[in-house]
Structure formats: structure tokens, C-alpha cells
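Please look through the sequence and the model shown below before reading on.

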Amino acid sequence: MTKLLIRLLFTAGLFLLLSNCSDSTESFDIRIINAMLIDGLGSPTRPADIYLNGGLIARITVPGALNAEALNTIDAAGRIVAPGFIDVHSHGNPLETPEFENFLAQGVTTITLGQDGDSPETEDLGGWVNQITEIGIGVNVALFVGHGTLRNLAGIGQKPDASAEELRRLLEILNNSLDYAFGLSTGLEYNPGLHAPESELVAMARVVGNRDRILMSHMRNEDDDQLENSIDELLSQGQYARVHISHLKSVYGKGAARAEEILEVIAAARESGVEITADVYPYNASYAGIALLFPVWSKTNEEFEIAKRDRREELEQYLINRITRRNGPKATLLGTDPYTGKTLADLETELGLPYEKILIDVIGPQGAAGAYFIMDDELQSRLLQDPNITVSSDGSPSGFHPRGHGTFAKIIEEYVVNRESLELEEIIRKMTSFAASLLGLDNRGSIEEGKVADLIIFDPTSVRAKATYPDPIQLSQGFDIVMVNGVIAFQSGAATSARIGAVLQPSN
Ligand SMILES: [Zn+2]
């Protein structure tokens, strides 16, 4: 053990004590004593001892009430014990980064993959699950099946209208995939999902509803003046299934009053009987492939070549309008090589070209991804306060955006501690039991006897989101212990070798 590690252990004030296990009446694998318990259900913080056995929460008592033995004792004095956070919109490839240390360091114990319409491109999801289980992963994964992937598997690709037989195939693969997937994701701003007509989306929603799963959508258009239309489109699918808006945002909308309007649309829909929810990430820049800036008729390389030849002037003007509305060339920060860390404005200086020409002649719609500073803090912060809106990172272990490493730490550090705009028990409820209920995970997301021990131990005032836009690959700090399935998965600032996460199985 390094000196640094020892120092960290001591400054963290957390000790794993080995004790002799005698033949007393009750014995446990782990006991967590002197904790301040936040149960994830919204109850007030209360002092408690928590006993774990076989990866489950076995007993919860008032401090010192139980005279029991345990193989390991964790003294959580001065710390909160809460359920691990559930990230309802995440990215990453478990075959490449199975540790998912970026998520563990933020207190996340379950992530969701297969988002934005894009999931493992196979009909054999059982085989995929086995492959991941074999290598072992750091966090639990709840898988979604992606609409774009289904289109590819069914042979539809980018065709606007699928044949009856192709649509039947798509629905069949969807239904089979839901044996492993917690729901369907759509990415209607991306290829090939953007080509789908309403009839196709509704047909899929019926399958999702029949299986009691959730339909999560990266909506067709997040621009402020298109937001209501996009929500309407999702609500038509919401007649048949629970629906959820992924990373709800208003691109270039401003102010808390505008947030109230958006929340009213959602509240009215809920009142009319549609089960609609959403998630938000706590940053003011989005991140996506640069094709997002290009018109629908020039997103793929093939379309782009034709557009460049036949509609050059129109394309330039489109890009100028779009970038101007999106806060200008300084507000696009590229995140992929060879442009990593440079804005479009930086490239203008470097190359001596206007940005629309750089986008067309240098980068192209498939040539980069970037962060787009297009959101308003006041508006997005108001959305975060809604009881039916949870938190997602929309991040990954390698993405060049701080959300992948910082989201959940930033919620605690910035919104709970610094701004005091979110109450700790309530935001934890939303990031745990509420998120679990959306996924249909009935054995996780709260600290109750019988639930799986996905737990975090932390002092809220010590939590720090270290990731920044120029330096986004920085682990968050302050989550002293993160337990996944009853085993310590992260401690003293690093992931343990446990890789105890599971690819979760829907319960029905
Ligand atoms: Zn998305």
C-alpha cells in the first residue's frame, strides 16, 4: 500500500475493521455503523446502522440497537449513506472500458446503455450479455434497444418508408430484444432514426407498452421554437407506452419562465394520463457529432457530396444561420482529433477561413464531434427542480465533455451545497428510487431491507466535480466508498478490482 493511499484512508476517516466472528446469534457480511441514512425514498436523513448479507441489505436499525457480528465493519461517522445513483442516459462500450471508473467516482452504481437509438448491433443480445458478463464490469448496466439499430437489423436503414414485411421484422426484433432490454431508445435527430414516420414510432410504442417497458427519446428537434412539436410527437407514442424525454433541453431558450412553460406542457400531458418523464444533465453545453449542425439533406457523406455539388450556397447559408443561432463559432468546442480542444473560432484564426467553409471543406458532417454551448443556466436549473425530472450524465468514460466524469458530483457540489437550489433528500430520491421506477428496477434504488446493496458513503461538503471543458477526463472526488451488489467497487479515489457490476435483467 502506498503512503498516499494510507494517508487517503486516514483522512477519509473510514476504516475497514476486521473482527472475529464468534458463534453469536446474528452475523453479517458487512455492517455500516454511525451512518446518516438517506433512504432514496425522500424521507428525512436519519441516523442508522445498516447490515448487509449476500449482497443484500439485511437489517436497518437505529445506531447500536443490534449486537451482531460482521466480517467487516465500516465506520461511516460524519458521512451520508445513500443508494448508489442510477444514470438513466449514459454512453460507453463495456468491451473497451469495463471498469467505468468515471461513473463509480460520481457515486453511480447503475448506468443505462443503448441510448439515442443506438445499441449493440446484434439480434443476439443474450450473447452480448454473456460476453460482458465474462469480462466483468464495474457498474451495473441496464440495456436499451435502439430504434436506429433495429432499422439497420431489419434492413430498413435510411429509407423513409419501410415495407410491411420490414416493419414486421423490426417489431419482431424489438419484441425479442425486450427480453434483455429495459426499453426502447430513439434518436430522432440522428440517422437513421430521423427518417421514421409517425406510424413506425407508434407501432414500436405499442410493443413497448405491451411489455411494460419505457420508451426513451432523444427527440427530433431540441431548438426552443420546436420543443413543443417534438414533445407532441413523443406524446402520440405516449398513448401506448410510458415515454421519457432524454436530456431535456431548450437550445437557445432562456430564463426560468420558459422552463415553467415547458414543465407545464409535461404536467398537462401527465394530467391527461400520459406517463411522461424526463432527465436533465447539469451543464450548459451539449455534445454530439458535428452532423447535428448540418441540414437533414446533407448529414451522411453521400448526401453531403451531392449537397456540396448542387446546393453549396444554400448549405453555407444554412450553416451560418445555424451557428449564429447557436451562439456563434466560439460556442462550438470540438472534442475529437485533430481538433480536440479548439473552437470553430480558433480554427477560423488558424486556417484563415470562415467557419462555414471550414465545416464544409475541412471537417464535413462525419469529421468531428463537439460540445455546443447552447443552453441557459437559469432555464436548465429550473427544469432540474421538477419532481418528475431525474438526472442523467449523457456521458461516457472517454467523451470530451465534463458530464461523463462530473455530472452527479456537480449536482451535489454545485446545486445542493453551493447554490442550495436542490434539497439533498429530494434530489437523491430522483437519482435513485425514482430513476429505478422508470426502468422498472424494483430491487434497487432505495435503502430498505431486502434490496440490493448498491450504496454510497460520502460527505456532501467534500464532493468535487473536477472535470472541466478543457480537461474533462478527471475523476470526481468525495465519494469515499461506492458499493455495487454489496461489494466495495470504489474506495480511496480509485476503482477496486472487484468488477462486480452486472448486466441487469428486466424483471418480467
Ligand atoms: Zn442524445
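This is a predicted model: local features need pLDDT of at least 70, side-chain atom pairs count only at pLDDT 80 or more; totals for chains, interfaces and linings use all residues.

Residues are numbered from 1 along each chain as its sequence is written.

**Domains**

The protein is divided into domain 1 (3-81), domain 2 (85-284 + 375-436) and domain 3 (287-373), with bounds that come from an automatic or database domain assignment. Between the C-alpha centres of domain 1 and domain 2 there is a distance of 34 Å. Seven residues from domain 1 and seven residues from domain 2 take part in their contact, where two residues are in contact if their C-beta atoms, placed from the backbone, lie within 7 Å. On the side of domain 1 that touches domain 2, three residues are nonpolar, four are polar and none is charged; here Ala, Val, Leu, Ile, Met, Phe, Trp, Tyr, Cys and Pro count as nonpolar, Asp, Glu, Lys and Arg as charged, and the others, Gly among them, as polar.

**Strand pairings**

Helices (H or I, at least four residues) and strands (E, at least two) are DSSP runs numbered from the N terminus, and two strands pair if DSSP finds at least two bridges between them. The table lists pairings of strand β2 (residues 27-37).

From β8 the chain passes through helix α3 (residues 125-135) to β9 in a β-α-β crossover that is right-handed, meaning that, with the strands pointing away from the viewer, the path from the first strand over the helix to the second runs clockwise. Strand β9 (residues 140-143) is covered on both faces, as Asn140 and Ala142 on one side and Val141 and Leu143 on the other are all buried. A residue is buried if 20 or more other C-beta atoms lie within 10 Å of its own, exposed if 12 or fewer, and partly exposed in between, with C-beta atoms placed from the backbone.

In strand β14 (residues 276-280), five of the five residues are buried: Ile276, Ala278 and Val280 point one way, and Thr277 and Asp279 the other way. Strand β13 (residues 242-245) is joined to β14 in parallel by three bridges, and His244 has Thr277 as its bridge partner. The crossover from β13 through helix α8 (residues 256-271) to β14 is also a right-handed β-α-β crossover. Three bridges likewise join β14 to β18 in parallel, where Ala278 is partnered by Ile389.

**Core and loop**

A nonpolar core is a set of buried Ala, Val, Leu, Ile, Met, Phe, Trp, Tyr and Cys residues joined through C-beta atoms within 7 Å. The largest one has 144 residues, and those touching the most other members are Ile50, Val81, Leu104, Val139, Leu143, Val482 and Ala489. Helix α15 (residues 424-439) gives the largest share of this core, eight residues.

Is Ser398 buried or partly exposed? Ser398, in the loop between β18 (389-391) and α14 (403-418), is partly exposed because 15 other C-beta atoms lie within 10 Å.
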